[in-house]
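Visitor: I'd like to learn how to read a protein model. Could you take me through one?

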Amino acid sequence: MTMKLKLNCDLGENAALDGHAVDEVVMPHIDQANIACGFHAGGPAVMRHTLALAAQYDVQIGAHPGYPDPEGFGRRSMACSTAEIVAFMHYQMAALEGMARSQGLELEYVKPHGALYNDMMAKLNVREAVFEAIASYHKPLPLMIQSTMAADEHRHEAQKHGITLWLEAFADRCYDDDGTLLARDRPEAVHTREKMLAQVEQLKSEATITTLNGHVLALDVDSLCVHGDNAESVAVIQLIRELMARED
């Protein structure tokens with residue numbers, strides 16, 4: 001059975017490819033833009049520009065909040081209390097939502113960034129803090145998280161907070177045998193163009209991925225992520241879109 005996947009990308013991070021801003025290159029080909037909210041990257045002017053591009057191409061807008069760590073691009077874990085996580089997530093979500101509404105747009109979901117995302121997936125206390133931030137925001141918003149072997153458990157946890165989860169897989173990252181992403185410091189962590197396109201095709205047609213050591217795992221996936229800071233992914237974004245749109 002062919003999956004009907006959406007395509008998402010982390011944007012608003014001032015990234016460039018061959019002298020061209022990644023946001024301009026990627027936006028025409030995606031369904032969902034995860035927009036940095038100024039804490040790990042981006043800022044007011046970048047957010048405003050990225051929102052305008054999303055409006056131009058009718059792309060769904062998601063907040064992409066991270067730890068307050070611009071020096072580390074939000075990729076370093078921080079020891080934060082639940083109250084701190086709720087506060088800095090609300091701050092970032094509200095900033096993007098306010099700027100979106102000024103352009104006649106609506107914030108439609110949330111996807112944490114970098115280390116906050118990884119900590120959310122690995123640590124129950126951080127995941128519960130993120131759930132609390134989503135559940136206590138002034139309007140209901142879906143939360144995008146990684147699809148893993150624990151997807152049913154995560155859905156059950158989210159339901160306790162009244163939260164809808166959107167599960168995502170990654171086009172450009174290699175999976176370990178337990179269904180987690182291979183650590184970025186491993187040489188095989190980021191796929192080559194050929195492996196990336198093969199993984200997209202496998203997810204689209206079979207709803208599975210093949211791990212580092214050749215194990216095939218089934219994943220329940222709503223959206224497929226291409227990283228905006230991965231030049232090879234951005235370079236083939238149009239091919240990925242065409243592959244996903246193709247009728248088998």
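Visitor: Is glutamate 201 buried, partly exposed or exposed?

Guide: Start with the ground rules: this is a predicted model, where local features need pLDDT of at least 70, side-chain atom pairs count only at pLDDT 80 or more, and totals for chains, interfaces and linings use all residues. Residues are numbered from 1 along each chain as its sequence is written, and side-chain values use heavy atoms, with hydrogens and water left out. Now the labels: buried means under 20% relative accessible area, exposed over 50%, and partly exposed in between (1.4 Å probe, protein chains only). Glutamate 201 has 23% relative accessibility, so it counts as partly exposed.

Visitor: Which side chain does glutamate 201 meet in a salt bridge?

Guide: Here's the general idea: side chains of opposite charge can pair when their charged atoms come close. The rule used here asks for a side-chain nitrogen of Lys or Arg within 4 Å of a carboxyl oxygen of Asp or Glu. Glutamate 201 meets arginine 246 that way, at 2.8 Å from N to O. This pair links distant parts of the chain, 45 residues apart: glutamate 201 sits in helix H7 (residues 193-206), and arginine 246 in the segment after helix H9 (237-245). Arginine 246 is partly exposed too, at 42%. By the way, helices (H or I, at least four residues) and strands (E, at least two) are DSSP runs, numbered from the N terminus.

Visitor: How many salt bridges does that rule give?

Guide: The count comes to 13. Take arginine 127 and glutamate 157, whose closest N and O atoms are 2.7 Å apart. They also link distant parts of the chain, with arginine 127 in helix H5 (residues 124-135) and glutamate 157 in helix H6 (residues 151-160), 30 residues apart. Arginine 127 counts as buried because its relative accessibility is 6%, and glutamate 157 is buried at 9%. There's a network as well, linking Glu97, Arg101, Glu106 and Lys139.

Visitor: Which strands are joined to S5 by bridges?

Guide: Two strands pair if DSSP finds at least two bridges between them. Five bridges join S4 (residues 32-36) to S5, running parallel, and three join S5 to S6 (residues 107-110), also parallel.

Visitor: What do S4, helix H2 and S5 make together?

Guide: They make a right-handed β-α-β unit, with H2 covering residues 44-56. To judge the hand, point the strands away from you: the crossover is right-handed if the path from the first strand over the helix to the second runs clockwise. S5, H3 and S6 make a right-handed unit as well.

Visitor: Last one: which residues have the most contacts inside the largest nonpolar core?

Guide: A nonpolar core is a set of buried Ala, Val, Leu, Ile, Met, Phe, Trp, Tyr and Cys residues joined through side-chain atoms within 4.5 Å. The largest one has 70 residues, and Ile30, Met89, Leu96, Val130, Leu143, Leu224 and Ile240 have the most contacts inside it. Helix H3 (residues 82-102) gives the most to this core, with seven residues.
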